[in-house]
Amino acid sequence: MTMKFITAIIKPFKLDEVREALSAIGVQGITVTEVKGFGRQKGHTELYRGAEYVVDFLPKVKIEVAIRADMAEQVIETIEKSAATGKIGDGKIFVFDVEQVIRIRTGETGTDAL
Amino acid sequence: MKTSFKTLLALGAAGLAAPALAQEPTVADVMTNVFHLQYAMDTFYFLVCGALVMWMAAGFSMLEAGLVRGKNTAEILTKNVALFSISCVMYLVCGYAIMYGGGIFLSGIEGGDTLVEDALGAFAEQADFTGDSVYSGASDFFFQVVFVATAMSIVSGAVAERMKLWAFLAFAIVMTGFIYPMEGAWTWNGDDVFGMYNLGDLGFSDFAGSGIVHMAGAAAALAGVLLLGARKGKYGPNGEPRAIPGANLPLATLGTLILWMGWFGFNGGSVLKLGDIANANAVAMVFLNTNTAAAGGAIAAIIVSKMMFGKADLTMLLNGALAGLVVITAEPSTPTPLLATLFGAAGGVLVVLSITTLDRVFKIDDPVGAISVHGVCGLLGLLLVPVTNGDVTFFGQIVGALTIFVWVFGCSLIVWGILKAVMGIRVSEEEEYEGVDLVECGQEAYPEFVSK
C-alpha cells in the first residue's frame, strides 16, 4: 500500500494549531467534521439552577487526511504534537490503509490524486 | 408679592365660589390654574408610571421565553400577550368594580359634566398642596389594571412548557376578574374580609403589592403547579432533580432588566402623587430604594450561587435582582437606602435557597422560579415592613399574608381543579415531547434552529 488514511479526533480548540502544523509539513488537504463522543474522559456534569445535568457526549473535531505512506509517520507525529494538551480528552489517531484514490475532475488515480 | 401662602390658598378657595371678572388675573385665578396644573401633573405621573408597569409585560415575556426550551417559546409568548389582554378586559368588565367600586364596565370613569368643578373643589377642601392626590379616574384605572396583569404574568412562568393554552387562559379570566380583585378590595380599598375583620385596622400595609400582587400571583401559580405536576424528564427515577436549561439567556437577561425598569413605575407610581415637595421626595426615595434593593438582591444571589454551586449561575443572578425588587415592593419609602439594599440582599439569598429547596425537597417544578421570587420573597417583603414603618404591625402583616394566600391559593385550587376535570390542564406526554409551540400554536419560535 502506498497511501494511508489518517483520522484524528481532537479537542476543538486545537484545530487551528493542527491545521497550521499539517500545512507546514506539506499536507495538501484535510476534511474536518464536528463530532460528539466520549472515551476515557467520559462526559461531565454541569449545574443549572442548582440541578445537575450530565453531558454524556463531549464536542470534538474529527480530522481526516489522506497521504503518501512515506509521510504517515511525520503526519502522525505532527498531529500528536500539535493536538496535545497533556490532559485527559486529547483524542486519538487512527491509521488506515487506502486501496484507491480518484480525483473526480481529472480521473487521476493513486498518489497522483492526493 | 408679600401675600402669604395660606392667604393665597384661602383666596384660591374663595375664588372658586365667585369667579373673577374678565380683568387682570386675580390671585384666585392663579390658584385655580395651579390646581389645574397639579391635577395634570399627578395624572400625567400616574399614566407614565402605568405605562412603565405595562412594559413589565414585555419583561415577563422575555424572561419566560428565555428560560423555557426553544420548542415552547412561541406558546409562552402567546400566553403572555393573551393574559395581558384578558387581564385588561376582565378588570374593565368587573375587576375594578369589585376592587374599588364604581360599577361594572367602568361606568362613569370618564368623569361626567362636573369633572373640573369636582376636582377644583377637592383641591380647595384640602386648602393645602400636601393632602391626598386628586387625579383622573381614568388614570387610576389604567394604573391599577397593569397590576392585575402583573399578578397573572407570574402564573404563566411557573406552569410553562406543559400546561394547555386554553386552560391557562380560562384561569386568567377568573383570576383577573374575580380572585385578585377580591383580595385587592380587602387590602388597598380597605374593605372588611367577608365582614369579619379589617386588615387595615390590624396594622396591615403593603405599599405596592409584595403580597397583594406578587405573592397572590405565586399562590395561584403554586396551586396550578401542584395539580399539574413536573415537566417530563425533570425528575429522575429516584426523584433526583434534573436540569432543563433555558433556550435563550440573553432574552432572560433582557426580560429581567425590563422588569427592573418597569418596577420604577410599579413602586414609584404607588406613591400616588408627585405634586408636592414631600411626595416628590418620597417618589425619589422610592426610585432610589427600588433600584438599590434590586442591586443588593442580584449581588447576594450571585455570591450564594457561587458558594453553593461553584459557578456564577446567571439565572440565579437574574432571579436575585427580581427577588430584591419583590422584597422592597411592600415598603420602598421608609427604609434608608442601606436598609433597602440589605432587604434586597436578604431576598437574593432567600430566593436561591428557596428555588433549590422547592426543586430538591418538595419536587415542585417551577421553570422560571416564579413561586420563589414572587411568593417566598413577597412574604419576606411583607414581614420586613414593620422594621421601618412604625404604623405597621407584625401581627397585621401575618394576618394579611395568610388572608391573601389562603384566599388566592384556595380559589385557584378550586378553579384549576374544575378546569382539570372539565377540559384537562396538561398536554399529553407526546405533545410535551413535541413541544407546545407546534401543538398549541402550529408554529415554532425558531424554525431554523430548534433542537428538541
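## A bent helix in chain B

Helix H3 (residues 73–100) of chain B bends by about 65 degrees at B:Tyr91; the bend at a residue is the angle between axes fitted to the seven residues ending there and the seven starting there. After H3(B) comes B:Gly101, with a positive phi near 80 degrees. Helices (H or I, at least four residues) and strands (E, at least two) are DSSP runs, numbered from the N terminus.

The model is predicted: local features need pLDDT of at least 70 and side-chain atom pairs count only at pLDDT 80 or more, whereas totals for chains, interfaces and linings use all residues. Residues are numbered from 1 along each chain as its sequence is written, and chains are lettered from A and ligands numbered from 1 in the order in which they are written.

## The sheet of chain A

Chain A contains an open sheet of 4 strands in the order E2-E5-E1-E6, with antiparallel pairing; two strands pair if DSSP finds at least two bridges between them. Strands E2 (31–37) and E6 (91–97) of chain A stand at the edges with a single partner strand each, so one side of each has no neighbour in the sheet. From one strand to the next, the twist averages 20 degrees.

Strand E1 (residues 3–10) of chain A pairs with strand E5 (residues 58–68) of chain A in the antiparallel sense over 8 bridges. Within this part of the sheet, A:Phe5 has A:Ala66 in E5(A) as its bridge partner. E2(A) and E5(A) are likewise antiparallel, over 7 bridges, and A:Gly37 stands opposite A:Leu58 in E5(A). E2(A) is hardly covered: among its 7 residues, the count of buried residues is 0. A residue is buried if 20 or more other C-beta atoms lie within 10 Å of its own, exposed if 12 or fewer, and partly exposed in between, with C-beta atoms placed from the backbone.

## Helices across the sheet

Helix H1 (residues 15–24) of chain A lies across E1, E2 and E5 of chain A and runs at about 5 degrees to E5(A). Helix H2 (residues 72–83) of chain A lies across E1, E5 and E6 of chain A, at about 10 degrees to E1(A). Axes are lines fitted to C-alpha atoms, for helices over the stretch in contact, and angles run from 0 to 180 degrees between N-to-C directions. Two residues are in contact if their C-beta atoms, placed from the backbone, lie within 7 Å.

## Contact between the chains

In chain B, 13 residues are in contact with 7 residues of chain A. Helix H9 (277–309), helix H10 (314–329) and helix H11 (337–360) of chain B are the elements that give two or more residues to the side of chain B that touches chain A. The largest share of that side, 3 residues, comes from H11(B).

By residue class, the side of chain B that touches chain A divides into 7 nonpolar, 2 polar and 4 charged residues. Here Ala, Val, Leu, Ile, Met, Phe, Trp, Tyr, Cys and Pro count as nonpolar, Asp, Glu, Lys and Arg as charged, and the others, Gly among them, as polar.

## Nonpolar cores

A nonpolar core is a set of buried Ala, Val, Leu, Ile, Met, Phe, Trp, Tyr and Cys residues joined through C-beta atoms within 7 Å. The largest such core has 127 residues, of which B:Ala216, B:Ala219, B:Ala221, B:Ala301 and B:Val327 touch the most other members. Helix H2 (residues 27–67) of chain B gives the largest share of this core, 16 residues. Neighbours within four places in sequence aside, B:Ala221 is in contact with B:Ile154, B:Val155, B:Ala158, B:Val159, B:Ala370 and B:Ile371.

## Individual residues of chain B

B:Glu161 has a positive phi of about 80 degrees although it is not a glycine. B:Glu161 lies in the loop between helix H5 (137–158) and helix H6 (165–187) of chain B and is buried, with 25 other C-beta atoms within 10 Å. B:Leu272, also not a glycine, has a positive phi near 70 degrees. B:Leu272 is placed in the loop between helix H8 (249–268) and H9 of chain B, and counts as partly exposed with 17 C-beta neighbours inside 10 Å.

B:Trp260 is found in helix H8 of chain B and counts as buried, with 21 C-beta neighbours inside 10 Å. B:Trp260 and B:Met56 are 204 residues apart in sequence, yet 8.3 Å apart in space, C-alpha to C-alpha.
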